[in-house]
Number of protein chains: 2
Amino acid sequence: MNHWRINEDTFEPHLKRVHSQETVYTIGNGYFCTRGTFEEGYPKAGPATLLYGVFDAAPLVKEELANVPDWTVIQLFVNGERFRLDRGMLLDYHRSLDIQHGLIRRSVLWESPQGVRLRITSERFASLADEHLGAIRYNVIVEGATDSHPVEIVLRSSINAAQGNYNLMHFNTLDQGYQDDLLWLLSETKKSNVQLAQTMSFTSDRIHFHKEVIASDIAPGIHLCGTLALGESITCEKLVTMYTSRDGVEPLSTALQHHQELLNDRSQIYDHLLEQHQEAWYHFWQQADIIIEGDEKAQIGVRYNLYQLRINASSHDSRYSIAAKGMTGFGYRGHVFHDTEIFVLPFFTYAQPDIARNLLLYRYHLLKAARKKAESFGYEGAQYPWESTLDGEEATPPAILHAETGEIIPVLNGTIELHITASIAHAVWKYWQVTSDDAFMRDYGTELLLSTAMFWASRAEKQPDRGDYTISDVIGPDEWHEHVNNNIYTNYMARKNIQVALQTLEWLKTTSPEKARKLATQLNLTEQRLSHWQDVANSIRILQDAQTGVFEQFEGFFHLPELDQAMYAGRRDSYQAILGIEALQKYRIIKQADTLMLLTVLEDEFDFKTKKANWDYYYPITDHDFGSSLTPALHTILASEVGQFNAAYRLLMKGALVDIEDLRGNTSEGAHIACAGAVWQAVVLGIAGLRINKAGYTTNPCWPKGWTRLAFTIQHNGKSAFIDLRPNMEVTNIDSIEKVEVPVEVSRSNARRRA
Amino acid sequence: MNHWRINEDTFEPHLKRVHSQETVYTIGNGYFCTRGTFEEGYPKAGPATLLYGVFDAAPLVKEELANVPDWTVIQLFVNGERFRLDRGMLLDYHRSLDIQHGLIRRSVLWESPQGVRLRITSERFASLADEHLGAIRYNVIVEGATDSHPVEIVLRSSINAAQGNYNLMHFNTLDQGYQDDLLWLLSETKKSNVQLAQTMSFTSDRIHFHKEVIASDIAPGIHLCGTLALGESITCEKLVTMYTSRDGVEPLSTALQHHQELLNDRSQIYDHLLEQHQEAWYHFWQQADIIIEGDEKAQIGVRYNLYQLRINASSHDSRYSIAAKGMTGFGYRGHVFHDTEIFVLPFFTYAQPDIARNLLLYRYHLLKAARKKAESFGYEGAQYPWESTLDGEEATPPAILHAETGEIIPVLNGTIELHITASIAHAVWKYWQVTSDDAFMRDYGTELLLSTAMFWASRAEKQPDRGDYTISDVIGPDEWHEHVNNNIYTNYMARKNIQVALQTLEWLKTTSPEKARKLATQLNLTEQRLSHWQDVANSIRILQDAQTGVFEQFEGFFHLPELDQAMYAGRRDSYQAILGIEALQKYRIIKQADTLMLLTVLEDEFDFKTKKANWDYYYPITDHDFGSSLTPALHTILASEVGQFNAAYRLLMKGALVDIEDLRGNTSEGAHIACAGAVWQAVVLGIAGLRINKAGYTTNPCWPKGWTRLAFTIQHNGKSAFIDLRPNMEVTNIDSIEKVEVPVEVSRSNARRRA
């Protein structure tokens, strides 16, 4: 058993499986991701390579990450017969994703219709050491022939420009050519005019193979033709580099020069590049790995999600952020949601703070658009869009089409799902708490906190009768209830946003008075205004049952009739799909954590009793099965805290395996990146019970059955700590690079013990 | 001066012009049309081949004619340099569309960057004799070289599957191959699963040229490579056949067999196929030509429109009809509007009645869907969709997106623009009047008339106060006023629909009593029901000023303030674009003929005085410049009748040249097919003043300046009549194949004379 591999030992040809496995076997490096399609093609396959921040316009959805010409194509012909898995006979098949080294490998024993047997082995990676590079090693051995003659082998390697997002094409070929053994294709997005240069080399260890260069606007290629006797083999190496006009360079000349340098470097080019690539992955795992012993399934599942987090985030670019599906598929079009700040960011904040900083800088850069959005609705400050792309304007489609009826269904999230603004502010605050990156807070964070606080203060409506403030007509995280008033998550997070903004302003006045003055002038922070903010924070309406401590998700929620879930025991769809959008609003059933998300995100504001009471109330009325992929793993944290250890483990695994096992049936559209972030949180903040404070951190593990070790590294206050936990130890093992003060573990609940 | 040619003697490289000329130089045969893109390609060119009735799903618009893999590609390389009009030097350029023979020809003298001069001549047709066949002859002569060495010529002929409608791809490659000198590609639409087989042969007169077959899923091809000395030439012939699964055959084997038979037929294949093709066009022109002497511009313009009508209509298929842009571009997505029945059908009814019959059968086949539509709105009978595709369900998009803002704009036409149902009934009636095709009327027409009459009778609301019937909340042909009551065109045409239905039922009772009984049972035509219909027809509200005879376009129209058009003298856009949809509704300004269309369509129901009064009232308040392409040419008929001869000629030419001169700036999206039909009507029913009656026909020409002859053929009562008019002749010349009784021409207005 290898704890680093996803394996597939049979080829399952039905398309739903083919397409979900394309997502699972995605490789990437933060600059680009390439789905796990086969080099030789397959009918109705969905090849896709998406580049970080390379968008093109699309109907209804503003813009989407644009599928670029497919660099992976290698077609193989033997005696004129084409190798493809739907032809000939498949005698042996194995594919694996090596998470540790960011590699996919496939080995196939195939018999052509005429009876020639070939063993075909391929290996592919998107270099983590050189983000512009994709590489394939392709090996063919003749294992059986029909007679004593050598067989004729043709290998057609090309870059295929006939690609689209599903069926929407985004690139036009501008030019293509061949020079110094390099084939190149220069293309451009149709509307956004991003230029992309792709260069390709294709070489083999068989010098007697004839090489031919194919000029073509849509599939320029290099063909290798020759013969192999029984037992002989050919190994080809395909290298492709990609540069775009977003890289701040002239793409074509830069790509050609870079590729040429790679070729000149040495003889064992592929091996050398692979080595550098593996070295880069080694460094990543040193920082980010979670070691679980005693539970192989959990170990692989968790690592797979960490792998997804890494390949979908740029190591240096702050002009774009991580999309709902990253770059692994066309779902949600590469748009950025609150998924990033609430679900994904904690991983980066604790494990890769440089990337976390860039993700927050992305939001900072888009303050202007957020201010414009607030203004357009008649408010002050900055209101972030529900869906964000490059320019920060609202990218939520105003409506979607019903897949069957073609009916237009208005989408309200862009207009009234407000809480993302507070979630972004929270992520900034949390980043600061964990990293103590004062420079970031001074230069960027404070302005963002103040601007978003200003939005909330202007958005809250004073109620003269009760003297408090309300926020009406919103959608909370539970998106099944629209046009609600005083959603608990929204109001509480808005209050927190204002509070931390005021707190941070005080800090800035002390530490950087000049910057504080500048901001005060720029944002017109009069005494009167700040005191109004304070008033809003003090008096915003928070609905809570005084006796039970249960928060009311929104005004009137407690009075909705409960849905008799027993009536739907055999359902295979969400309650929304079954009951319809309108009817569903009338019931006390929710899509995903709302109140419970609040208790998780602001965990240190609530006591055990409150958490327990709310868990008991909300957990049973949440559609855990079909509501959303976002929260199962996140629920693990609260489940651990309130002693629901069986639930905690079940929810964790539901998150960890969501894509590997296609649990939600939509992995074909891309990996669930928010869920991947939630898996990290579930293990570290939930199972391990990690909490930080000024002095250091505490852990409070609850051990799932069989787990014998749980270890990971965090960055805290600029220092690295390796936390190595084993059951039945009074104190956690500490082996940090620079040791930090570790207080004795404090059990915050009596109930914590093994599940 | 050739009266059959559209010419272009310089290449104008700006894209708007390139794309509109692609439309103008479209070839076709009713089975497919292919836009006039260049064989060698051009940056951002818009190649398209659309097939009659081959649709695939598309967002918002239900489905659209799906652009098939481009069969025209021939790339030419000389000494490795690629021929394209944006490279090297263009020394001479000429392109022509030979309307008479359905051919485009291009001749180019081009100098490569290295200085090799080539004369490249190509000729292309979509065979009218064999609708599955497209053919290209491609000739290259070396006219200048840089030294005494022969130049290396490579010709890459392929079928390019990387096509979309704009950027929406519709076809997946299923398979491709090569056998017996034929390359083939089998593809399938992504959603509607229509299979398309394309076969290709590519041969030359240079046997020393090396031939290479390129296997590729997206651009399979045949390459010819060799050398030519100065003064030498090569001539290639590319033949492509196309069959789809809609043809009722196994597409691939049928295509291969058909193509093989063509090749086996004889040696001079291309010449032979061209000859058959020209023969078919000759037969068409014998039936359909309009000869105009003394006005070359009008002659060519009118013929060009007849050419468009022919290439966009199938000669035999009644499962689809003629789209707003035919198969010449992506505009209006191949959807069928009332354009067909009101604008286009008269040409076919008079000149090609077999095709007219099929176009009406298309509507008859879709009665079921029309009944469903009526029922869904709570009405009886059959209500036709505003936009129709293959299944007859409403295909009008429920909303469109604003091109700049992305805002969703609801489209009401599918819900409340009702008059198309009466227009279809009228076309059936008119077809019967002209052709006397009693069998059609018995088997199909009567049922359609009764079903649509039933719709109107149930749709009309009885007003107890005035005792009449109204039709409220509609859009009339003037689409700039929505939610109007008692639109004159709608109400009058609805009445006519009921009247002819009752009349036809009486006829059927006499001529086919059994069929009449069956229909009566099937449609539940009780005495009570029929008497209600009669009541509606008698008492439907028709708004007309008793004194002036001017009809009121809808209730309240007379009271709207007039728009001061002088204030917009310099405008370059429609009033709708300038004022906005909402504001425009409040003014007495209209998009296109509404009342005047009624007076044209039902011309024999109104006297001269009424026509004149309404012309004087409505003509000045119509946006002739930017409102619509539909009516300028149609206005010619009324203009001729009321003695507005200058206007008549101006309007005719505006219609005749709409695409050749891209008068509306949107020819790039496809030819204006309704306008083409209107041009035929303008000349025959307007300028010539043709009217038919039981006994025969009359003409009443008004002669535009310079015209010395106007001649055309009509089919009437199953007989053909050649009508040859010259000015200053008391009686028209008759030279009909089977002579019909021709009464002496009667002048219906005193004012008819030369303009």
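Modeller: Gladly! Let me begin with burial: buried means under 20% relative accessible area, exposed means over 50%, and partly exposed lies in between (1.4 Å probe, protein chains only). This is a predicted model, in which local features need pLDDT of at least 70 and side-chain atom pairs count only at pLDDT 80 or more, while totals for chains, interfaces and linings use all residues. Residues are numbered from 1 along each chain as written, chains are lettered from A in the order written, and side-chain values use heavy atoms, without hydrogens and water.

A salt bridge here is a side-chain nitrogen of Lys or Arg within 4 Å of a carboxyl oxygen of Asp or Glu, and the structure holds 100 of them over all chains. One of these joins Glu40(B) to Arg106(B), with the closest N and O atoms 2.8 Å apart. Glu40(B) lies in the loop between strands S3 (32–34) and S4 (49–51) of chain B and Arg106(B) in strand S10 (103–111), so the pair ties together parts 66 residues apart in sequence; strands are DSSP runs (E, at least two residues), and helices are runs of H or I with at least four, numbered from the N terminus. Both Glu40(B) and Arg106(B) are buried.

Lys297(B) pairs with Glu661(B) at 3.4 Å between the closest N and O atoms. Since Lys297(B) is in helix H4 (296–311) of chain B and Glu661(B) in the loop between helices H19 (645–656) and H20 (673–687), this pair ties together parts 364 residues apart in sequence. Lys297(B) is partly exposed at 46%, and Glu661(B) is partly exposed at 39%.
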